[in-house]
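These are my notebook entries on a structure that I had not examined before. I set down what I looked up, in the order in which I looked it up.

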Amino acid sequence: MAEKLTAEQVSQLEDRARAVRRSIVSMVTEANSGHPGGSLSAADILVTLYFAEMKVDPKNPNDPDRDRFVLCKGHAAPVLYATLAEKGYLPHEELLTLRKIDSRLQGHPSMKDLPGIDMSTGSLGQGLSAANGMALASRLDARSNRIFALLGDGELEEGMVWEAAMFAGHYKLDNVTAFVDFNGLQIDGPVSEVMSPLPIPEKWRAFGWNVIEIDGHDIQAIYGAIQTAKTVKGQPTVIVAHTVKGKGVCQMENVADWHGKAPTKEECQLFLGELDD
Amino acid sequence: MGKATREAYGDALRDIGAEMKDIVVLDADLSKSTKTNVFAKAHPDRFFNVGIAEQNLMGTAAGLAAAGKIPFVSTFAMFAAGRAYEQVRNSICYPKLNVKIAATHAGLTVGEDGASHQAIEDISLMRTIPNMTVIVPADATEARKAVAFAAQYKGPVYLRLGRSSVPDIFGDSYEFEHGKAVELTDGKDLTIIATGIMVAPARKAAEELIEMGISARVLNIHTIKPIDKDAIIKAAKDTGAIVTCEEHSIIGGLGSAVAEVIVESIPVPLERVGVLDTFGESGKPDALLTKYHLTTADIVQAAKRVVGRK
């Protein structure tokens, strides 16, 4: 891929992101539980990764040379499932089995259950360590694949994140690119009020990371940051993505309450209308 | 006196690592104590120190395993099973990743470091996690063979190793059979079931009991999970009474695992020799084993009690 996406590519990715957002709203409504706010905020990042960047093949989900993605903030599982469905890993109808008995779509991602899930996550703070382990394995095997991870901003309150950050900096894991979905809200309220992880970029820099700050809903910017990260040697890169929790649905935007609440059927219809092309 | 099981671990890991190139070893700043430094010296490109960060130790190992490596991770049992419990559960066992946790300095015989470093709950914590295998070698030979088994086995393994030297029990020809109890002596009046460093005193207790006219079968249970139900049920049927011996709390460890088997099939009198729901303290290993009732004499007493209850 080129350094920059064409206007047409951006437009196609925006359509994909809208489709992913519709799926998120539908599946969380059907499950009557789940985490829509932090799923919607990460939709543009996941779509850009899976449709413009990552070397992955739904027909060969265990390819050892594939790029890998770890959803550290595992509660945003709906955005991952919806993106994987768009990509062809699972049928769209199956999205409506989210969180139901016998479903492959567990409340938090389970790699044993669904092909395309590279790591089981959900308990916050653990994903980046796993991404580092994958990156280390790639280095040992001289593979050129890249490892991507997505963390929440509230998740940065977990001490283990900084153990992992220190490790990636120390071992200069330049094949790791982490995103922070900086939507500013966690369950109990604004991250700055609950337990401030701010300033975020300075913290990562202090741990030896290359830091890029972007608008996490600007697909061209997301793509550009990933390309820059690939050129940085001897340092892992973190892309601090400024996002809006609940992005795409007016009533949900910037409302902490939508962290872990399902819309009613009526609300769902309203929200889907807003997400129409 | 033979070698400590941790010494055997370091040597075995170095040798197996020479054959199996997918083995990667991680340690959390205790490589001189856990003996992973022996591997590190031989295979420096496949050894990674994560520093004093046990949660990240487990998480990184999970990622390595997800990408096809066979990580062995070591730290003290206290930190492997205690501090990083949830990482072991959620990042390793839930996705059934191929991580081997070789936890050293288990039990009271850590000695002078005292209660903060004496893991007496780790068997209990580890065996309760689905997909986990729990192995407690009795001597250096068994430890070496258990490491070889763990390297070949697909899935998470918790290997419980000790700091102190232990008497040699097995010869070179000994074959480690996963999930199978090892009968060391046969007897008819009771069965002494022991694990880890308690196997040697259990065997000695059986010898002393003979003098008192009591004939004891001795079983070494190295695999606490999956436990050898058949051998335990057979012991209960054949001998009618059981004593368990472990350097671990009597809550949740070998004694509990054996009790679970017999109460559901063939209830017989049971006495558990182990740490009695209390923390340890600083001291020489032998002094601690005496003070906390983990000696040959304690096993003999328990045997006499249990036979009296038949």
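**Entry 1: chain B as a whole.** I began with contacts in chain B, two residues being in contact if their C-beta atoms, placed from the backbone, lie within 7 Å. Of the contacts in chain B with a separation of 6 or more, 79% are between residues 24 or more positions apart. I note that this is a predicted model, in which local features need pLDDT of at least 70 and side-chain atom pairs count only at pLDDT 80 or more, while totals for chains, interfaces and linings use all residues. Residues are numbered from 1 along each chain as its sequence is written, and chains are lettered from A and ligands numbered from 1 in the order in which they are written.

I then looked up the secondary structure, where helices (H or I, at least four residues) and strands (E, at least two) are DSSP runs numbered from the N terminus. Chain B has 13 helices and 12 strands. Its radius of gyration is 19 Å, close to the 19 Å that the globule rule gives for 310 residues, so chain B is as compact as a globular protein of that length. That radius is taken over C-alpha atoms, and the globule rule is 2.2 Å times the number of residues to the power 0.38. Along the principal axes, the C-alpha atoms of chain B fill a box of roughly 60 × 40 × 35 Å.

For burial I used counts of other C-beta atoms, placed from the backbone, within 10 Å of a residue's own: 20 or more is buried, 12 or fewer is exposed, and in between is partly exposed. By this count, 61% of the 310 residues in chain B are buried.

**Entry 2: the domains of chain B.** An automatic or database domain assignment supplies the bounds. I found domain 1 (5-160) and domain 2 (182-308) in chain B. Their C-alpha centres lie 26 Å apart. The contact takes 23 residues from domain 1 of chain B and 28 residues from domain 2 of chain B. On the domain 1 side, the elements giving two or more residues are α7 (122-127), β5 (133-135) and α8 (140-152) of chain B.

**Entry 3: the largest nonpolar core.** I took a nonpolar core as a set of buried Ala, Val, Leu, Ile, Met, Phe, Trp, Tyr and Cys residues joined through C-beta atoms within 7 Å. The largest has 196 residues, and those touching the most other members are A:Ala149, B:Ala103, B:Leu159, B:Ile192, B:Ile242 and B:Ala303. Domain 1 and domain 2 of chain B both give residues to this core, so it lies between them.

Which residues does B:Ile192 touch, not counting residues up to four places away in sequence? I listed B:Ala202, B:Ala205, B:Ala206, B:Ala216, B:Val218, B:Val243, B:Cys245, B:Ile299 and B:Ala303.

**Entry 4: chain A as a whole.** Chain A has 10 helices and seven strands. Of its 277 residues, 52% count as buried.

**Entry 5: strand β3 of chain A.** Seven of the seven residues of β3(A) (residues 176-182) are buried. A:Val176, A:Ala178, A:Val180 and A:Phe182 point one way from the strand, and A:Thr177, A:Phe179 and A:Asp181 the other way.

I next looked up its partners, two strands being paired if DSSP finds at least two bridges between them. Strand β2 (residues 147-152) of chain A pairs with β3(A) in the parallel sense over six bridges, with A:Phe148 opposite A:Thr177. The chain passes from β2(A) through helix α6 (residues 159-170) of chain A to β3(A) in a right-handed β-α-β crossover. Right-handed means that, with the strands pointing away from the viewer, the path from the first strand over the helix to the second runs clockwise. Strand β7 (residues 237-242) of chain A also pairs with β3(A) in the parallel sense over six bridges, and A:Val180 stands opposite A:Val240.

**Entry 6: helix α3 of chain A.** Is α3(A) (residues 43-53) enclosed or open? Eight of its 11 residues are buried, so α3(A) is largely enclosed by the rest of the structure. Among the buried residues are A:Ala43, A:Asp44 and A:Tyr50.

**Entry 7: the two chains together.** In the contact between the chains, 22 residues of chain A meet 24 residues of chain B. On the chain A side, α5 and α6 of chain A are the elements that give two or more residues. The largest share, 10 residues, comes from α5(A).
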